[in-house]
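Here is a short tour of a protein model and its ligand. Please keep the viewer open while you read along.

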Amino acid sequence: MASKAVKAPGTPRAPPGTPQDSGSPREFETLRLQREGGHVLHLQLNRPQKRNALNLQCWRELRECFQELSQDPSCRAIVVSGAGSAFTAGIDLSDFALLVADLPEDVARRAWGLRQKVVELQESFTAMERCPKPVIAAVHGPCIGAGVDLISACDIRFCSQDAAFQVKEVDMGLAADVGTLQRLPKIVGSQSLVNELAFTARVMRAPEALTCGLVSRVLPDKETLLEVALGVASAIAARSPVAVQGTKVNLLYSRDRPVSEGLHHVATWNMAMLQTEDIPKSVQAALDKKGPEDVPFAKL
Ligand SMILES: CC/C=C\C=C\CC(=O)SCCNC(=O)CCNC(=O)[C@H](O)C(C)(C)COP(=O)(O)OP(=O)(O)OC[C@H]1O[C@@H](n2cnc3c(N)ncnc32)[C@H](O)[C@@H]1OP(=O)(O)O
């Protein structure tokens with residue numbers, strides 16, 4: 001039986017705002033992070049006057065937020081939404097110039113510096129993908145450019161009827177470089193559709209997003225969308241974190257590899273994880289005709 005993590009006597013309680021503290025989550029400038037019940041966190045992109053355009057601070061905060069939530073044992077599922085009338089208007093266009101500011105003059109050093117900045121931006125969304133806690137995107141209104149990159153890194157996507165998705169990068173004169181071109185073809189079954197969207201920047205509305213598999217549910221309005229997304233997050237959070245996080249890690253590992261490698265990985269993974277106390281607890285609950293919601297699983 002695995003032993004429970006017990007805080008050593010005299011260990012100071014984490015100060016409010018640090019991820020270990022299950023009280024108030026950390027405060028950000030461009031994001032709003034709220035705890036919704038026990039183990040669910042709701043992250044809002046929070047620049048509504050700018051339609052949640054992602055400025056450099058926001059990219060940085062997203063990266064930090066997901067790196068911290070990955071380590072936060074009191075977090076088991078995350079919902080990402082946008083404050084105000086849009087999910088996000090994509091990259092903050094007034095910050096575009098900053099990307100090339102202060103770079104050296106020499107072409108090689110300039111290119112190297114710019115590459116580093118692109119990799120840092122990529123990391124903001126890769127941190128969401130790598131976070132072992134499931135991330136649900138709840139999209140309402142416009143979801144443009146970097147917004148599509150962002151939701152492509154999430155595990156589950158729901159939207160409201162008014163959602164409008166646009167792979168807008170070609171209209172800005174660039175090839176999308178923070179995840180859409182790599183992840184969207186794995187989400188949407190049709191490479192032809194992905195190509196069309198990426199070459200033309202055509203707006204895709206909710207019904208088509210549902211049909212093509214970009215989202216798995218369309219809800220009538222933002223309020224219902226958040227209710228449903230938070231409900232699904234609660235259902236995830238009620239289950240064994242050993243099981244849920246192991247499932248995410250292995251789904252992601254297997255996505256880009258042959259079946260044989262995925263099977264090899266999960267066998268090695270479960271050499272350790274099958275020894276969890278969560279299995280006998282879950283089995284006993286099932287025998288007692290109870291659900292996972294009735295089992296108090298220890299933090300992970
Ligand atoms: C290395 C590169 C990495 C990543 C690259 C990503 C590429 C992209 O993201 S491309 C996509 C760029 N985004 C856009 O082209 C969208 C531009 N915005 C709009 O089309 C509209 O604003 C809207 C999202 C459809 C919303 O329309 P509406 O509700 O009518 O609001 P507006 O009046 O247009 O805007 C309100 C307010 O927000 C400011 N704003 C909107 N989008 C952006 C943005 N992307 N960047 C900066 N600011 C934005 C707009 O200027 C208004 O500001 P005011 O101060 O009130 O004028």
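This is a predicted model: local features need pLDDT of at least 70, side-chain atom pairs count only at pLDDT 80 or more; totals for chains, interfaces and linings use all residues.

Residues are numbered from 1 along each chain as its sequence is written, and side-chain values use heavy atoms, with hydrogens and water left out.

**Around the ligand**

Let us begin with the shell of 19 residues around the ligand, of which K50, R51, A89, I91 and L93 come nearest (a residue is near if one of its heavy atoms lies within 4 Å). By type, the shell holds 10 nonpolar, three polar and six charged residues; here Ala, Val, Leu, Ile, Met, Phe, Trp, Tyr, Cys and Pro count as nonpolar, Asp, Glu, Lys and Arg as charged, and the others, Gly among them, as polar. The table lists polar contacts, meaning pairs of N or O atoms within 3.5 Å.

| Protein side | Ligand atom and distance |
|---|---|
| R51, side-chain N or O | oxygen, 2.8 Å |
| A89, backbone N or O | nitrogen, 2.8 Å |
| I91, backbone N or O | oxygen, 2.9 Å |

On its own the ligand has 1100 Å² of accessible area, and the protein covers 66% of that (Shrake-Rupley method, 1.4 Å probe).

**The six-stranded sheet**

An open sheet with mixed pairing runs in the order β1-β2-β3-β4-β6-β9. Strands are DSSP runs of E with at least two residues, and helices are runs of H or I with at least four; two strands pair if DSSP finds at least two bridges between them. β1 (31-36) and β9 (217-219) are the edges with a single partner strand each, so one side of each lacks a neighbour in the sheet.

Within this sheet, β4 (residues 135-139) and β6 (residues 156-160) pair in the parallel sense over four bridges, and A137 stands opposite R157 in β6.

**The three-stranded sheet**

A further open sheet has the order β5-β7-β8, again with mixed pairing. Its edge strands, β5 (142-144) and β8 (204-205), each pair on one side only. β5 and β7 (residues 164-166) are joined in the parallel sense over three bridges, with I144 having Q166 in β7 as its bridge partner.

Definitions and conventions:
A polar contact is a pair of N or O atoms within 3.5 Å; within protein, one must be able to donate a hydrogen and the other to accept it, and residues adjacent in sequence count only if both atoms are side-chain atoms.
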